[in-house]
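Subject: Structure for you to look at

Hello,

Here is the structure I said I would pass on. Please open it first, then read the notes below it.

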Amino acid sequence: MSLAIKDDEVDIVIGALRSDLTTFMNEWRPMFSQFHLIIVKDPDLKEELKIPEGFNLDVYGKPDIDQVVGSSTSILFSGYSCRYFGYLVSRKKYIISVDDDCLPARDPKGFLVDVVAQHISNLTNPATPFFFNTLYEPYAEGADFVRGYPFSLRGGVKCALSCGLWLNLADYDAPTQALKARQRNSRYVDAVMTVPAGSLIPISGINIAFEREAVGPALVPALKLAGEGKCRWETMEDIWSGLCVKVVCDHLGLGVKTGLPYIWRTDRGDPIASLKKEWEGVKLMEEVIPFFQSVRLPREATTVEECIVEVANAVKERLGSMDPVFARAAKAMLDWVKLWQSVGSSSSRSSAV
Amino acid sequence: MATVSPTPLLKDELDIVIPTIRNLDFLEMWRPFFQPYHLIIVQDGDPTKTIKVPEGFDYELYNRNDINRILGPKASCISFKDSACRCFGYMVSKKKYIYTIDDDCFVAKDPSGKDINALEQHIQNLLSPSTPFFFNTLYDPYRSGADFVRGYPFSLREGVPTAVSHGLWLNIPDYDAPTQLVKPLERNTRYVDAIMTIPKGTLFPMCGMNLAFNRELIGPAMYFGLMGDGQPIGRYDDMWAGWCTKVICDHLGWGVKTGLPYIWHSKASNPFVNLKKEYKGIYWQEELIPFFQSVALPKDCTTVQKCYIEISKQVKAKLGKVDDYFNKLADAMVTWIEAWDELNPSGDLSAKIPNGATK
């Protein structure tokens, strides 16, 4: 059950990697129309955006990005990373973000899944990262903490990030999808759960929500593959960003949830073609995961920004020499923090196109 | 399209351990699924009472007199008047796998209305690897229709052996007494179609109602503690075993899964009786959780028994001051291991003695 959320506390941020958003917006209209939307156009996209009428939105494009960020920063808001610009300029408490090739899913009873309501419910109910509840989300209706769950931990902690899932085209990597070309995800797992503290997870950017005020600066547009492309198979930016967020949340005692809501991800792209590009990303994970598993943040890092700076420095020190992509990521993280402090926290906004 | 191979029955490799003090009527409903297997019945309470086992099952039954006869003075580690006595069944079993179930648990139906073969699902869980080092957001990656997600390192995709499969319950959920008192009418109707590995370093409350494990791997850690008659606490037997087991699995690199299968839990025990049993536990678990979270097992603890003895030492050292009960429990843990090793010499389970089935 979602708690009452004022509609003006939510921004829905969409990174537009394709120009025609008509179907996308119309399909999401029942769920999105009461909220403010921020649409950020991929700077590499040449065509004009086609957006249907009847929404309360702001659209940002390359000129806006250049004006706000300046060309001197190394952060590239191209491709899937364009959405981070939306996170930067939003002034709302909660942000919900889905890829522009996703549509509303239906639950097993045939009802449309309200992705906004579920994400908000996840974010406004506490998370329970310190002990695993075998009945999953204890605050869900019809559930509770099980026998053996310590009472002192039942208050939970704030949930800063909510990671949703995908029916139809699951977020597999290119090798997996190429091997199982016809496999589609049809399993609707009716659960939300807190990811335990100290455990890392691959956070897909396809369907996420977060409390901007709590962790905004930790979602970093930093890891740009040399061959990064316009399919999710050709990126790792969200995985990197998610690992940063999880490490920071663990350190600051914030929670991350995974599970519901589902979206329906449409078939798009060719995994075999992407294999050539994304092989780089798959290889990098072998270094990335052990690094994040061993990162330790000092006690003095008490804000999200301080934590990200610490992680960035550790990246530079321990991964920088392994691959130039890491050195660039470290720099991008530091630039992002500075940007967040100057633009992200200020009350003024650049006007929409 | 890959063909899904059928789950092996493992009927000569798995024992079903059932503690009971009432009757075994529930077995009738399980007959289609349990009949191929050997049962170990651990009769709690009055040993002069005869527990009738339904016709057609292959079983051995142990009452308190048998436990005393077989273990002698070491029988003191086996609880009386508590389902914790079931762990005696683990000790005398000669099989590789154990499935344990309570006598008020019945066959559940999945959302399509089909009867759930819980044992088959547990076997699948135990025979497929676990993935404790990195969480897979699509849950069990080895399940048909699922896989590892983008970002999951390939070097971790082989997984590790699964030691424990923890199933769940529809209808009466496994709540503690305070929660039962506040929500007497709540029923678990949510069928969560997932199995997942509990990450390394994370503890969980293990329920013994619907539980399977690889006895060869983790058996000695499945001691269900001192509960019931003459003890200050009850309903923490499986919890205790679960915390010890998880710490040891984490140390030795094995996995613990939770989720499917569901059984139908029919009986809600009396919450006031439960409250009396759990009362001390509710306070003590506040000390127990930090204790287990901080247990560090030295590198030379390379067997389950060594790990377990080490934990018992730390229990005495750190929990003895919480209550003298923990001194007794630590001693009982040692007794348990001694008894286990006596009944299972050199861990050699290949020297299987044909079961002395009591028909």
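A residue counts as buried when its relative accessible area is under 20%. A:D101 has a relative accessible area of 4%, so A:D101 is buried. Please keep in mind that this is a predicted model.

First, more on A:D101. This residue sits in the loop that runs between β4 (94-98) and β5 (102-104) of chain A. The side chain of A:D101 has a polar contact, at 3.0 Å, with the side chain of A:R268. If neighbours within four places in sequence are left aside, the residues in contact with A:D101 are A:R18, A:W264, A:R265, A:T266 and A:R268.

Next, A:D11. Where is A:D11 placed in chain A? A:D11 is part of strand β1, residues 10-16. Its relative accessibility is 1%, so A:D11 is buried by the same cut-off of under 20%. The side chains of A:D11 and A:H36 are joined by a polar contact of 2.5 Å. Beyond the neighbours within four places in sequence, A:D11 touches several residues, among them A:H36, A:I38, A:S90 and A:R91. The list also includes A:K92, A:Y94, A:I95 and A:I96.

In chain B there is one residue with a record attached. UniProt, in an unreviewed entry, lists B:R150 under "glycosylation site". B:R150 lies in the loop between α4 (118-127) and β6 of chain B. Is B:R150 buried or exposed? B:R150 is buried, because its relative accessible area is 1% and the cut-off is under 20%.

Last, the two chains together. The size of an interface is often given as the accessible area lost when the parts come together. For chain B and chain A the buried area is about 5,000 Å², and 57% of it is on carbon and sulfur atoms. On the chain B side 60 residues are in contact, and they meet 58 residues of chain A. Between the chains there are 10 salt bridges. One of the salt bridges links the side chains of A:D190 and B:R190, at 3.5 Å from N to O.

Which elements of chain B supply at least two residues each to the side that touches chain A? They are β6 (162-171), α5 (177-182), α7 (237-252), β9 (255-265) and α8 (271-294). The largest share, 6 residues, comes from α8(B). By type, the residues on this side of chain B are 31 nonpolar, 13 polar and 16 charged.

Regards

Technical notes. Residues numbered from 1 in each chain as written. Chains lettered and ligands numbered in written order. Predicted model: local features only at pLDDT ≥ 70, side-chain atom pairs only at ≥ 80, totals over all residues. Heavy atoms only, no water. Contact = heavy atoms within 4.5 Å. Buried area = accessible area lost by both parts, 1.4 Å probe. Salt bridge = Lys/Arg side-chain N within 4 Å of Asp/Glu carboxyl O. Helix = DSSP H or I, 4+ residues; strand = E, 2+ residues; numbered from the N terminus. Nonpolar A, V, L, I, M, F, W, Y, C, P; charged D, E, K, R; others polar. UniProt positions renumbered as here; feature names shortened; annotations may be inferred. Buried < 20%, exposed > 50% of the residue type's maximum accessible area, 1.4 Å probe, protein only. Polar contact = N/O pair within 3.5 Å; in protein donor to acceptor, adjacent residues only side chain to side chain.
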